[in-house]
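I opened this model today to see what one side chain is up to. My notes follow.

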Amino acid sequence: KFKSILELIPFSKIAEENCAFHFVNNELAKAIDTAAANLKTKLNIAAALSFGILFEVDLKKIQKAIASYDSKNNRSEKVIINKTPFILDAYNANPTSMDLALDSFCDKYSTNNLVILGDMFELGKQTFTEHENILNKCLSLGITKIFTIGSNFMSTKVNNKRIEKYA
């Protein structure tokens, strides 16, 4: 039906804020609008959209499902405590997902922000390096306060007055 996913969805559009997924196939002159929270979520939406089309799900049903999706599984989940918004992105954290989550977080909350980071597991020989990379990324993004929890972050050599480490 389609030569490739790129024929269906131009991925350059996905990175745009409040992007719309546009079908380039002439038979499907429709768009699915979404204000996805971050690039990772937008890529997941693109995948869901693609599979829906592959399995010939009605486009209105796909649009409704995407528009009504509200994460409740520790993946880019918005939590409000005492009127303060938190973004909970803790499910199976890994360097790539943490990197994307930090970018997204800083795009939305660029000043007076803080992060609480827990150790990433199952990284093998790259454990130390990846934890240091995440801390350096936080510093380069200008995050105001960085709290870490766990022995992996504790063992890093990255130190700064904005970082507090807890075992």
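I started with the side chain of Asp 103, which makes a polar contact with the side chain of Lys 137 at 2.8 Å. For a polar contact I need a pair of N or O atoms within 3.5 Å; within protein, one must be able to donate a hydrogen and the other to accept it, and residues adjacent in sequence count only if both atoms are side-chain atoms.

Note on the source: this is a predicted model, where local features need pLDDT of at least 70, side-chain atom pairs count only at pLDDT 80 or more, and totals for chains, interfaces and linings use all residues. Residues are numbered from 1 along each chain as its sequence is written, and side-chain values use heavy atoms, with hydrogens and water left out.

Next I checked how far apart Asp 103 and Lys 137 sit: 34 residues in sequence, and 9.1 Å in space from C-alpha to C-alpha.

What else does Asp 103 touch, leaving out residues up to four places away in sequence? I found Leu 141 along with Lys 137, taking contact as heavy atoms within 4.5 Å.

Then I looked up where Asp 103 belongs, and it is in helix α4, residues 95–108. Helices (H or I, at least four residues) and strands (E, at least two) are DSSP runs, numbered from the N terminus.

Last, the whole chain: I noted six helices and seven strands, and 37% of its 167 residues count as buried.

Conventions. Buried means under 20% relative accessible area, exposed over 50%, partly exposed in between (1.4 Å probe, protein chains only).
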